[in-house]
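Biologist: Could you walk me through the charged and aromatic contacts in this one? I have the sequence and the picture open.

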Amino acid sequence: MKILIDTYGADQGEKVLVDGAILCKEKRDFTPVFIGNKEKIEKLIGGRISDYEIIHTDEFISNDEDPARAIRRKKDASIVIAFEKAKEEAYDGILSAGSTGALLAGGLFIAKRIKGIDRACLATSLPTLKGTTLLMDTGANMDCKKEFLEEFGLMGKVYLENVLAIENPKIGLLNVGVEEHKGNKLTKETYALLKEANMNFVGNIEARDLLTGKVNVVLADGFDGNIAIKTAEGVLKLLAGQMKDVFYKSLLNKLAAGILKKDLKAMFNKYSADEVGGAPLLGVQAYVYKAHGNANELAISNALLGLMDYIDKKVIEKIEGELI
């Protein structure tokens, strides 16, 4: 399997993408195809692996550029090259930690949408008390129609059934209350539509239940979904820092920390963004994974593993099958 890796866009630069790919190769055999500056990438690899390819470019799309315009004009940008190469049978998928807007625009304009799907979305996996919950969307579509959210629910259903073997997943709608009449115009209209849809819609879900596992898919527009997930990440990070301060406060607390260290580490690792790695871009005719911009090598490695699992399960073909 050959995976195209956009080496631009990560906060830590090309190094984290290269190191993450090398770490991933220790867990699964694949050929990383790095897209970026050839000289820098060769130096970063430093002879640690021999099975790889490099497609040279010094051009990329930054977060402050208009994504649609940049995709059309910057033909040598790394993400544009990745999508063009992904059309060829030799390449299986794309990983990028760069601009979410550029990734979505590339999916829509180059890979094209799956027939019957109006909007692609990012499906972020949330570790919960009962396993995994998908939050859809988490930033690709800031404004949505009710029909888009219904499509997200269908794609989430297919993804979970095939990748995580969750039968008849429960679908919930992110809202300010669980009652049917609560919410804004979009959530009220979406609720009415989902009630009639051919999926296991169980009603509204509040943000406080994001990590409880109450449902398997949480539907939201990209604006609300992005705020929700970043709030959850921030609270978990704050909690970990506060607990560390408490444990270092006194000798007695340090002794308690020593006893609990292993269990606490396992608990916080479960909710770490590094363990998830990234999110699939569902709805386009290419296997694409978006990694966090602040990802480290472990997160990149896990994102690559998630992408390859996504490819193995032929999820795009199965979404197409649901729409026939």
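Modeller: What follows covers salt bridges, a charged patch and aromatic pairs, in that order. This is a predicted model, in which local features need pLDDT of at least 70 and side-chain atom pairs count only at pLDDT 80 or more, while totals for chains, interfaces and linings use all residues. Residues are numbered from 1 along each chain as its sequence is written, and side-chain values use heavy atoms, with hydrogens and water left out.

Biologist: OK, how many salt bridges does the structure hold?

Modeller: There are 19 salt bridges in the structure, where the term stands for a side-chain nitrogen of Lys or Arg within 4 Å of a carboxyl oxygen of Asp or Glu.

Biologist: What does glutamate 53 meet in a salt bridge?

Modeller: Glutamate 53 meets the side chain of lysine 2, at 2.5 Å from N to O. This pair links distant parts of the chain, since glutamate 53 belongs to strand S3 (residues 53–56) and lysine 2 to strand S1 (residues 2–6), 51 residues apart. Helices (H or I, at least four residues) and strands (E, at least two) are DSSP runs, numbered from the N terminus.

Biologist: Is glutamate 53 buried or exposed, or in between?

Modeller: Glutamate 53 counts as partly exposed at 25% relative accessibility, and lysine 2 is also given as partly exposed, at 25%. Buried means under 20% relative accessible area, exposed over 50%, and partly exposed in between, with a 1.4 Å probe and protein chains only.

Biologist: And which residue does glutamate 42 pair with?

Modeller: Glutamate 42 forms a salt bridge with lysine 38, at 3.3 Å from N to O, and both lie in helix H2 (residues 38–45), four residues apart, or about one turn of the helix. Glutamate 42 is partly exposed at 30% relative accessibility, and lysine 38 is partly exposed at 39%.

Biologist: What about aspartate 209, buried or exposed?

Modeller: Aspartate 209 is buried, with a relative accessible area of 17%, whereas lysine 214, at 40%, counts as partly exposed. The side chains of aspartate 209 and lysine 214 meet in a salt bridge of 3.7 Å, N to O.

Biologist: Which residues are linked in a network of salt bridges?

Modeller: Lys15, Asp19 and Arg48 are linked in that way.

Biologist: Switching to aromatics, how many aromatic pairs are there?

Modeller: The structure holds four aromatic pairs. Tyrosine 8 and phenylalanine 60 form a stacked one, with 4.9 Å centre to centre and 20° between the planes. Rings of Phe, Tyr and Trp (its six-membered ring) pair if their centres lie within 6.5 Å, and planes under 30 degrees apart count as stacked, over 60 as edge-to-face and the rest as tilted.

Biologist: Where do tyrosine 8 and phenylalanine 60 lie?

Modeller: Tyrosine 8 lies in the loop between S1 and helix H1 (14–25) and phenylalanine 60 in the loop between S3 and helix H3 (67–73), so the pair ties together parts that are 52 residues apart in sequence. Tyrosine 8 is buried at 11% relative accessibility, whereas phenylalanine 60 is partly exposed at 36%.

Biologist: And what do tyrosine 191 and phenylalanine 201 form?

Modeller: Tyrosine 191 and phenylalanine 201 form an edge-to-face aromatic pair, 5.1 Å centre to centre with 80° between the planes. Tyrosine 191 sits in helix H7 (residues 185–195) and phenylalanine 201 in strand S8 (residues 200–205), ten residues apart. Tyrosine 191 is buried at 12% relative accessibility, and phenylalanine 201 is buried at 14%.

Biologist: Which residues form one aromatic cluster?

Modeller: Tyr159, Tyr287 and Tyr310 form one aromatic cluster.
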